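Welcome! Please take a moment to look over the structure below, and then let us walk through it together.

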Amino acid sequence: MDVLAEARGASRRFGAVTAVSAADLVVRRGEVVGLLGANGAGKTTLIRLLLGLMRPSAGAVLLFGAPPSISARRLVGYVPQTLGLFAGLTVAENWAFTSAAFRNPGARVPEAIAAWKNQLVGGLPLGAQRQVAFAVALSHRPEFLILDEPTSGVGPLGRARLWDGIRHAAGEAAGVLVTTHNMEEAEQCDRLVVMAEGRVVATGTADEITAGRTVAEVRCGDANRAFALLDAGGVPVQLHGSDLRIGAAAATVAELLSRAGIEAAVEIVPATLEEAFVEIVSAQALGNMAGDTA
Amino acid sequence: MSWGLRDVRVRRGQHVALDAVTVSVDPSRITVVVGGDGAGKSTCFQVLVGLLQPDAGTVDRPAKERIGYVPATAGLYADLTVAENLDFIADAYRLPASERRRKAGEIIERTGLAGARHRLGGKLSGGMQRKLAVGLALLHSPELLVLDEPTTGVDPVSRAELWRLISGAAAGGTAVAVTTTYVNEAARGSSVILLEAGHVLASGSPEEILRGVPGTVGTARAAGRPSPLSWRRGASWRVWAPAGRLPDGVQPVQPDFDDAVVVAALASEPGR
């Protein structure tokens, strides 16, 4: 079976609020899918639907080809951002507890975390804690893994090691769903699903999502003055060192600056994933506001 | 006047939390300190604002009342409303009535909190809390603004708004120091310090750091690790060749910040 988890036009309403609206999402074996969205975009509700922790108000959700059930959840591994470990227990004790909960006693503590076996989880650096949480979530050999910001806040080498593990798990025939605000993590994924206001508003690889999106990069002698001027004019300007990056029309920007006597070179450059994300999500919010007032 | 730390050393028992760390923070400029957990970012800023005495080195900072500081985990009163938070800070700094009205109004507008004036600080979303905290630190128009991880855990839309607020302070002449765990935020600074385990791995302008990546960085799509000095980037691998010669089948790439950080960490590993 290729598809591990799937939402087909899934919606979930809470009273008058629609948290998830006709969302489509597929996670296949062997791939790492990134689920992106601002706070309140509906990511957590969609995951709860996939896990069967709540039922959709409309549409369908399938986990391993059937409506989510307790037995299907045995094949799911989950690492929340808060890690879900017992800080007051050692690494080995955490491992033993989870193994027992999944009726998998006697499983050996894996090599990757064996060095910290007898240390309290609460005393380990964050990178090590994340590694332990990941190993523990894999202890029952899940086929579908959900990871919430798995490498945020971890130093460069710890981060590289964690992604090594995540990719290895995907290579071992699991499917992985990563939810994150961190665009460096998003760029590690094979495919991205962007949510805004309960809807899926973009899907594809990072390159597909940024394709065709541009920003104006402005170089000028006095970036601070140019920033202050454009900012006061309501232009969505961002300062990057001695350059400005702007998601608005370049012609307008050049004119505004030249009217203020600021000489600037404006170049149209490809948007970063973060810039593309902000543009997509803001456009959705504006569209909804227009819909509300109509 | 420029502020900052020079050759600062901080010891915590046997552990060296900061070793020969130099950070310079200049008026109208943003200095970004990038590092993961345990890098020493918070220690560095505690020394900068005077909460912690270094064991060695020198610190230049303005008088306490000319500093605005937002620690990593707070920066507002959870049980006061947005308006009460602003009033309280304005009282603490004895801002004259006219200035208080003007600045508070400006901050409410810039942080997009107009609709949340009467909500408790603790009931705001994470992104709104961080915006309010930065706004409160700006209320008394400090000379030096010190922000410890203002954007951690904040969604990208709120992050963009926070950076506009921060950049606005620099554009107005404030010297700004910011820490972040998001490597790509390094590009926001005119000066960047890569910190890891209490050591400065690299520092300079974003361009200088990218130009200064030693050796060659390459990319390869391979089933297994192409060399011991390689790490994952999505479905492919990044490879670092310190002497410049990449293994066969590895295509050279222009290193980005993420590469610069990993290479700097690899280069500083013992035995290299």
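## An open sheet in chain A

In this predicted model, strands E2, E1 and E4 of chain A form an open sheet, in the order E2-E1-E4 and with antiparallel pairing. Strand E2 (17-28) and strand E4 (58-63) of chain A are at the edges and have a single partner strand each, so one side of each is left without a neighbour in the sheet. From one strand to the next, the twist averages 15 degrees.

If you follow strand E1 (residues 3-14) of chain A, you will find eight bridges joining it to E2(A), and the two run antiparallel. As a landmark for this pairing, look for Ala10(A), which stands opposite Ala23(A) in E2(A). Helix H1 (residues 43-50) of chain A lies across E1, E2 and E4 of chain A. The direction of H1(A) is at about 120 degrees to E1(A).

## A strand in the open

Now move further along chain A. Strand E10 (residues 214-220) of chain A is joined to E13(A) by seven bridges, and these strands run antiparallel. Within this pair, Arg219(A) has Ala265(A) in E13(A) as its bridge partner.

Is strand E13 (residues 264-270) of chain A largely buried or in the open? Of its seven residues, the number buried is zero, so E13(A) lies largely in the open.

## A loop residue in chain A

Pro80(A) is found in the loop that runs between strand E5 (76-79) and helix H3 (91-101) of chain A. This residue is partly exposed, because 14 other C-beta atoms lie within 10 Å, and a residue counts as partly exposed when that number falls between the limits of 12 or fewer for exposed and 20 or more for buried. Pro80(A) and Arg55(A) are 25 residues apart along the chain, and their C-alpha atoms are separated by 21 Å.

## Chain A as a whole

Stepping back, chain A holds eleven helices and 13 strands. Its C-alpha trace spans about 75 × 45 × 30 Å along the principal axes. Chain A has 294 residues, of which 44% count as buried. Among the contacts in chain A with a separation of 6 or more, 68% come from residues 24 or more positions apart.

How confident is the predictor here? The mean pLDDT of chain A is 90, with 98% of its residues reaching 70 or more. Confidence in chain A is highest in E4(A), at 97, and lowest in H11(A), at a mean of 79.

## Where the two chains meet

How many residues of chain A are in contact with chain B? There are 38 of them, in contact with 42 residues of chain B. On the side of chain A that touches chain B, the elements giving two or more residues are helix H5 (126-137), helix H6 (156-171), helix H7 (183-186), helix H9 (223-232), strand E11 (237-240) and helix H11 (273-293) of chain A.

H6(A) supplies the largest share of this side, seven residues. By class, the residues of the side of chain A that touches chain B are 16 nonpolar, 15 polar and seven charged.

## Two domains in chain B

Chain B is divided into domain 1 (3-207) and domain 2 (215-267). The C-alpha centres of these two domains of chain B lie 34 Å apart. Nine residues from domain 1 of chain B and six residues from domain 2 of chain B take part in the contact.

On the domain 1 side that touches domain 2, strand E8 (191-196) and strand E9 (199-204) of chain B are the elements that give two or more residues. That side of domain 1 of chain B has seven nonpolar, one polar and one charged residues.

E6(B) pairs in the parallel sense with strand E5 (residues 67-70) of chain B over four bridges, where Ile67(B) stands opposite Leu144(B). E6(B) also pairs in the parallel sense with strand E7 (residues 175-180) of chain B over four bridges, and there Leu145(B) stands opposite Val176(B).

For a contrast, find Arg221(B) in the loop between strand E10 (216-220) and strand E11 (230-233) of chain B. Arg221(B) is exposed, with 12 other C-beta atoms within 10 Å. The C-alpha atoms of Arg221(B) and Met1(B) are separated by 50 Å, and the two residues are 220 residues apart along the chain.

Technical notes. Residues numbered from 1 in each chain as written. Chains lettered and ligands numbered in written order. Predicted model: local features only at pLDDT ≥ 70, side-chain atom pairs only at ≥ 80, totals over all residues. Contact = placed C-beta atoms within 7 Å. Nonpolar A, V, L, I, M, F, W, Y, C, P; charged D, E, K, R; others polar. Domains from an automatic or database assignment. Pairing = 2+ DSSP bridges. Axes fitted to C-alpha atoms, helices over the stretch in contact; angles between N-to-C directions. pLDDT = per-residue confidence, 0-100.
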